[in-house]
Amino acid sequence: MPAGPPAAELGDTAERVKALAYALGFDLVGVTTLGPAETAPEFRDWLAKGYAGTMEYLARGADKRDDTRWVFEGSITAVVVGMNYGGTQPSGPIARYARGRDYHDVIVDRLNELLSRIREDVSPDVRGKPYVDTGPILERDLARRAGLGWFGKNTNLINPQLGSYFFIGSLLIDLPLAPDESFATDHCGTCTRCLEACPTSAFDGAYQLNATRCISYLTIELRHDIPVELRPLMRDLVFGCDICQEVCPWNVKFSQDVRDAELRPRAELTSVDVAGLLALSDEQFRAKFRGTPVLRTKRKGLLRNAAVAVGNNEHPDRVALQRAAQDAEPLVRSHAQWALDQHS
Ligand code: B12
Ligand code: SF4
Ligand code: SF4
């Protein structure tokens with residue numbers, strides 16, 4: 001086997017690549033070699049328990065998630081990035097991560113730009129592909145391996161300088177680079193605030209999230225009826241949930257404002273009139289949420305969620321609910337009727 005470049009050279013190249021990534025505005029950057037995912041067995045157990053609910057795509061890609069070398073042919077290294085989405089934002093019915101431009105688009109474009117710069121500055125023939133929730137990768141596992149943080153008991157990856165309000169993206173490449181040390185320590189200690197704060201009791205113990213009870217899943221991923229017993233626990237949340245991150249001391253202390261202009265939250269999505277959402281036509285829905293992750297639920301999903309949220313209000317807007325109870329979409333009608341029934 002031919003000898004590869006000496007270790008010192010690999011280290012210098014890794015530093016150059018990281019400098020290029022920081023220059024593009026990423027908040028965290030780490031490098032790791034690809035290989036077996038350490039928490040693949042935990043992922044399998046999680047699937048076997050049925051915790052993925054209707055997210056069938058997770059089971060379909062399960063084999064590839066075992067080892068990151070199998071995702072993009074020929075790749076041997078990952079440059080893993082973290083991008084802050086603004087933990088200093090106030091809480092609201094729409095989760096913090098969804099108040100600006102869709103992060104998939106922003107980070108994939110930025111990682112493609114990183115690949116171009118690596119070709120210009122480091123090696124012209126490098127092959128690579130960016131991933132941000134767009135392939136069969138256990139992204140928190142890969143990011144921990146690249147040194148970005150530890151698995152919190154709420155399952156989010158936490159960085160000691162930034163907290164957990166950051167996205168993870170990975171550029172898989174066929175260029176050898178000296179890896180960073182994986183993040184070996186756990187800084188949760190005896191704390192259990194996140195586990196206690198979850199309104200739907202979605203945690204089946206530390207590091208174990210039963211997604212089928214999680215408000216993020218119920219409002220974004222679930223396409224049909226929200227289980228009746230969970231509706232009263234969902235408060236006023238219409239898209240995603242940040243509660244188990246809000247209570248985390250690492251976020252209370254270290255979360256930061258968004259630096260990146262492209263990810264900056266829109267003011268009108270930070271504070272939202274939930275009853276007003278029930279009046280949106282399809283066209284208005286698409287205009288209001290253009291370019292944001294909220295489009296994922298489509299109008300009927302968001303109005304379903306809004307009906308539940310209004311129903312959970314002590315003094316609900318009955319007129320808005322009565323109109324929604326006549327909506328053309330059966331999903332919206334049935335949830336609006338449920339909300340009215342809570343106050344009859
Ligand atoms: C499916 C999914 C969801 C599902 C399920 C979440 C879950 N915890 O499993 C739902 C819809 C509920 C969801 C919600 C959210 N998500 Co999500 N989601 C994903 C996705 C696509 C896959 C996650 C997955 O594989 N889950 C399976 C379980 C088994 O894995 P896991 O929860 O990540 O757990 C790992 C560790 O906990 C560890 N582990 C398991 N057991 C044990 C035991 C011990 C002792 C230890 C140490 C570790 C450990 O191993 C697991 C596998 O690596 C990833 C993107 C990706 N491709 O990875 C984004 C991702 C995880 N989500 C993300 C975000 C931002 C969110 C939300 C904050 C959005 C919101 N505000 O509503 C919430 C957070 C909810 C929460 N507490 O996790 C980010 C997380 C960034 C970060 N800093 O961690 C990711 C990485 C997307 C991205 N590219 O940025 N999500
Ligand atoms: S995101 Fe909300 S519902 Fe989901 S586990 Fe965290 S606190 Fe519970
Ligand atoms: S709230 Fe406590 S236990 Fe939960 S992730 Fe944060 S430090 Fe860990």
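Into which domains is the protein divided? The division is into domain 1 (7-38 + 64-173) and domain 2 (273-344), with bounds that come from an automatic or database domain assignment. The model is predicted, so that local features need pLDDT of at least 70 and side-chain atom pairs count only at pLDDT 80 or more, while totals for chains, interfaces and linings use all residues. Residues are numbered from 1 along each chain as its sequence is written, chains are lettered from A and ligands numbered from 1 in the order in which they are written, and side-chain values use heavy atoms, with hydrogens and water left out.

**View 1. The two domains and their contact.** The C-alpha centres of domain 1 and domain 2 lie 36 Å apart. Seven residues of domain 1 are in contact with six residues of domain 2, where contact means heavy atoms within 4.5 Å.

View 2. Rings of Phe, Tyr and Trp (its six-membered ring) pair if their centres lie within 6.5 Å, and planes under 30 degrees apart count as stacked, over 60 as edge-to-face and the rest as tilted. By this rule the count comes to twelve aromatic pairs. In one of them, the ring centres of Tyr85 and Tyr97 are 6.5 Å apart with the planes at 75°, so this pair is edge-to-face. Both Tyr85 and Tyr97 are buried, a term for under 20% relative accessible area, against over 50% for exposed and partly exposed in between (1.4 Å probe, protein chains only). Tyr103 and Phe167 form a stacked pair, 4.0 Å centre to centre and with 5° between the planes. Because Tyr103 lies in helix α4 and Phe167 in strand β6 (residues 166-173), this pair ties together parts that are 64 residues apart in sequence; helices (H or I, at least four residues) and strands (E, at least two) are DSSP runs, numbered from the N terminus. Tyr85, Tyr97, Tyr103, Tyr165, Phe167 and Phe239 form one aromatic cluster.

**View 3. Helix α4 and its packing.** Helix α4 has 19 residues and reaches 26 Å from its first C-alpha to its last, close to the 27 Å expected at 1.5 Å a residue, the expected span being 1.5 Å times one less than the number of residues. Its buried residues include Tyr103, Val106, Ile107, Arg110 and Leu111, and the buried residues of α4 pack against α1 (7-23), β2, β3 (128-131) and β6.

View 4. A residue is near a molecule if one of its heavy atoms lies within 4 Å of it. Among the residues around ligand 3 are Cys188, Cys191, Cys194 and Cys248, together with Lys153 and Arg193. The elements that give two or more residues to this shell are α6 (193-197) and α9 (249-254). By class, the shell around ligand 3 has seven nonpolar, two polar and two charged residues, whereas that around ligand 2 divides into nine nonpolar, one polar and no charged. In this scheme Ala, Val, Leu, Ile, Met, Phe, Trp, Tyr, Cys and Pro count as nonpolar, Asp, Glu, Lys and Arg as charged, and the others, Gly among them, as polar. Ligand 2 is surrounded by residues including Cys198, Cys214, Cys241 and Cys244.

**View 5. Helix α13 and its cover.** Helix α13 (residues 298-311) is mostly covered, with twelve of its 14 residues buried. What covers these buried residues includes α7 (215-221), α11 (274-277), α12 (282-288), α14 (318-324) and α15 (330-341).
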